[in-house]
Amino acid sequence: MNATLFAVAGLPGLLVLVWTVLPTGRNWFVRRYRWPHRLRGTLAALGGVLLMASVGFAADPKDHSWLRVLVLLAGVGMIGACLVAPTFRIRHGVATQPRKVLAIGAHPDDLELACGATLAKLSDAGHEVRTMVMSAGSKGGNSAVRVTEATAGSDFMGASAVQIHNFQDTYLSEHGQEMVTAIEAFIEEFRPDVVITHSRNDYHQDHQAVHSATMRAARRHSSILCFESPSSTRQFDPTVFVDIAGYLDVKIRAVAMHRNQKGKPYMSAEKVRSLAAFRGEQVKTSYAEGFEPVRLLGSAVGEF
């Protein structure tokens, strides 16, 4: 009886512990739950208790009543955590009129840093999100790694497709017409309702170049929003805000996927969180991302 109890307890304990530790499991929690790290940590601890109790019994299979009590308490705790978990699910509305959103960034990590939470929220609500990155970021890191990270970041945010170009970063202004042509082709094929890109109020020359190329390529488009980058100037003045409560951890995790850039100060979770809190305070909510509208047609935005 004891052997059966501990064997039955050990298997789910091992499975839960492995799932909460693996990167795939961590991503799964972040994309589905508010306060994902607390929930993941609780389940990992309970799974560890079940596993250790089973291992302890296997090592010395005598009558250990205290181990049985430990297994029962951990089992009840795990069941309770699973029952309570749905209350922590990220809640989002389901759009009755889904829109198409195209987000354009200069470098592989720009979209995650600037509007990662907004893109994930829109995707979860049923809007179709596609992303476009104009360079592989070879000047700032390993281009092969950065392309892989950009793809993973877009997938994590819920983008249905990502298009990555290899225009030379730090020299994007020299590829202006080529970028215009690429963006025009994407817009023609996708026909987005909203285009999101860099602001002209940005110190980075590549960001300015992508803003300029997007303005030219989308010159006949009715709705264009500009996001905030770590290099935005003091003139960046957002008047459109998206409440990202429940999605801040998603953004932080998406940014962290760019491990090739993890040494940069603006990649830290603290910097991401503080900017989201600052923008949130401006519109009296906990966390927000801010955008400058170039122009914005209400019917195109719909239920954003």
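User: What should I know before reading any values?

Analyst: This is a predicted model, in which local features need pLDDT of at least 70 and side-chain atom pairs count only at pLDDT 80 or more, while totals for chains, interfaces and linings use all residues. Residues are numbered from 1 along each chain as its sequence is written, and side-chain values use heavy atoms, with hydrogens and water left out.

User: How many helices and strands are there in the chain?

Analyst: Helices (H or I, at least four residues) and strands (E, at least two) are DSSP runs, numbered from the N terminus. The chain has eleven helices and seven strands. Its C-alpha trace spans about 75 × 40 × 35 Å along the principal axes.

User: What percentage of the residues in the chain is buried?

Analyst: Buried means under 20% relative accessible area, exposed means over 50%, and partly exposed is in between (1.4 Å probe, protein chains only). Of the 304 residues in the chain, 48% are buried. The chain exposes about 14,500 Å², and carbon and sulfur atoms supply 59% of that area (Shrake-Rupley method, 1.4 Å probe).

User: Among contacts between residues at least 6 apart in sequence, what share joins residues at least 24 apart?

Analyst: Contact means heavy atoms within 4.5 Å. Among those contacts in the chain, the share is 82%.

User: How do I read the packing of two helices?

Analyst: Two packed helices are described by the angle between their axes and the distance between the axes. Axes are lines fitted to C-alpha atoms, for helices over the stretch in contact, and angles run from 0 to 180 degrees between N-to-C directions. For helix 5 (residues 110-124) and helix 9 (residues 248-256), the axes come within 8 Å and cross at roughly 135°. Helix 5 and helix 9 are therefore oblique to each other (angles under 35 degrees count as roughly parallel, over 145 as roughly antiparallel, 65 to 115 as roughly perpendicular and the rest as oblique).

User: Which residues make the contact of helix 5 with helix 9?

Analyst: Helix 5 contributes Glu112, Leu113, Ala114, Ala117 and Ala120, and helix 9 contributes Val250, Lys251, Ala254 and Val255. By class, this contact has seven nonpolar, no polar and two charged residues. Here Ala, Val, Leu, Ile, Met, Phe, Trp, Tyr, Cys and Pro count as nonpolar, Asp, Glu, Lys and Arg as charged, and the others, Gly among them, as polar.

User: At what angle do the axes of helix 2 and helix 9 cross?

Analyst: The axes of helix 2 (residues 23-32) and helix 9 cross at roughly 150° and come within 8 Å. Pro23, Arg26, Asn27, Val30 and Arg31 of helix 2 touch Asp249, Val250 and Arg253 of helix 9. That contact of helix 2 with helix 9 has three nonpolar, one polar and four charged residues.

User: How many residues of helix 9 are buried?

Analyst: Eight of the nine residues of helix 9 are buried, so the helix is mostly covered. Among the buried residues are Leu248, Ile252 and Arg253.

User: Which residues of helix 5 and helix 6 meet?

Analyst: Leu111, Glu112, Gly116, Leu119, Ala120 and Ser123 in helix 5 meet Ala150, Gly153, Ser154 and Met157 in helix 6. By class, the residues of this contact are five nonpolar, four polar and one charged. The axes of helix 5 and helix 6 (residues 143-157) come within 8 Å and cross at roughly 35°.

User: Where is Arg191 placed, and is it buried or exposed?

Analyst: Arg191 is in the loop between helix 7 (176-190) and strand 4 (194-198). Its relative accessibility is 55%, so Arg191 counts as exposed. Arg191 is not a glycine, yet it has a positive phi of about 55°.

User: What is the phi of Lys284?

Analyst: Phi of Lys284 is near 60°, a positive value in a residue other than glycine. Lys284 lies in the loop between helix 10 (269-282) and strand 7 (288-295). Lys284 counts as exposed, at 66% relative accessibility.

User: Which residues does Thr233 contact, leaving aside its neighbours within four places in sequence?

Analyst: Thr233 is in contact with Asn201, Asp202 and Tyr203, those neighbours set aside. Thr233 sits in the loop between strand 5 (224-227) and strand 6 (240-243), and it is buried, with a relative accessible area of 13%.
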